[in-house]
Amino acid sequence: MLLTSFCFLCSAQIKPEKTEPPSDYSELEKAPAKYRAKANPMVKDKNAVAAGGVLFEEHCAECHGEAALGTKKAPSLRAPEVQTAPPGTLFWILTNGIVRKGMPVWSKLPEPQRWQLVTYLQSLGASEGTENKSTAKP
């Protein structure tokens, strides 16, 4: 009985480790190295940002918001995690989606259009002082 009481006291003093919920941007870390290393072939195309903006309005704004600041459906794409991600990582996310979190696969878009979207997203820059307004995960 004494041993049981002692074990109970010991276990009561052990505090479980707090685990952080996964970040809305944790999927970015899952991009394979070969994609992370890919350069954006549209980076010098003077029309890529405008074309990517049109594609964003058509395919992304409904969930990520008109200014890409995030909504209840999807996270901000102006967060530093996205804005500092390698272009190939963003291309990989667009290509494969994050279906279990509601982001569709965009591999049906031709590769140049996916690169135009990447170019547009990276042209936005990080939004200073704006927290992710999303409660959803990407």
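Biologist: Is Phe91 buried or exposed?

Modeller: In this predicted model, Phe91 is buried, with a relative accessible area of 2%, where buried means under 20% relative accessible area, exposed over 50%, and partly exposed in between, with a 1.4 Å probe and protein chains only.

Biologist: What should I know about how the values were made?

Modeller: Residues are numbered from 1 along each chain as its sequence is written, and side-chain values use heavy atoms, with hydrogens and water left out. Because the model is predicted, local features need pLDDT of at least 70 and side-chain atom pairs count only at pLDDT 80 or more, while totals for chains, interfaces and linings use all residues.

Biologist: Which residue forms an aromatic pair with Phe91?

Modeller: Trp115 does, in a stacked pair with 4.3 Å centre to centre and 10° between the planes. Rings of Phe, Tyr and Trp (its six-membered ring) pair if their centres lie within 6.5 Å, and planes under 30 degrees apart count as stacked, over 60 as edge-to-face and the rest as tilted.

Biologist: What does Tyr120 touch, leaving out residues up to four places away in sequence?

Modeller: Tyr120 touches Val49, Gly52, Gly53 and Phe56, where contact means heavy atoms within 4.5 Å. Tyr120 counts as buried at 15% relative accessibility, and Phe56 is buried with a relative accessible area of 1%.

Biologist: Switching topic, which residues touch the most other members of the largest nonpolar core?

Modeller: Leu28, Phe56 and Leu117 do, among the 29 residues of that core, a nonpolar core being a set of buried Ala, Val, Leu, Ile, Met, Phe, Trp, Tyr and Cys residues joined through side-chain atoms within 4.5 Å. Helices α3, α6 and α7 each supply at least two residues of this core.

Methods: Helix = DSSP H or I, 4+ residues; strand = E, 2+ residues; numbered from the N terminus.
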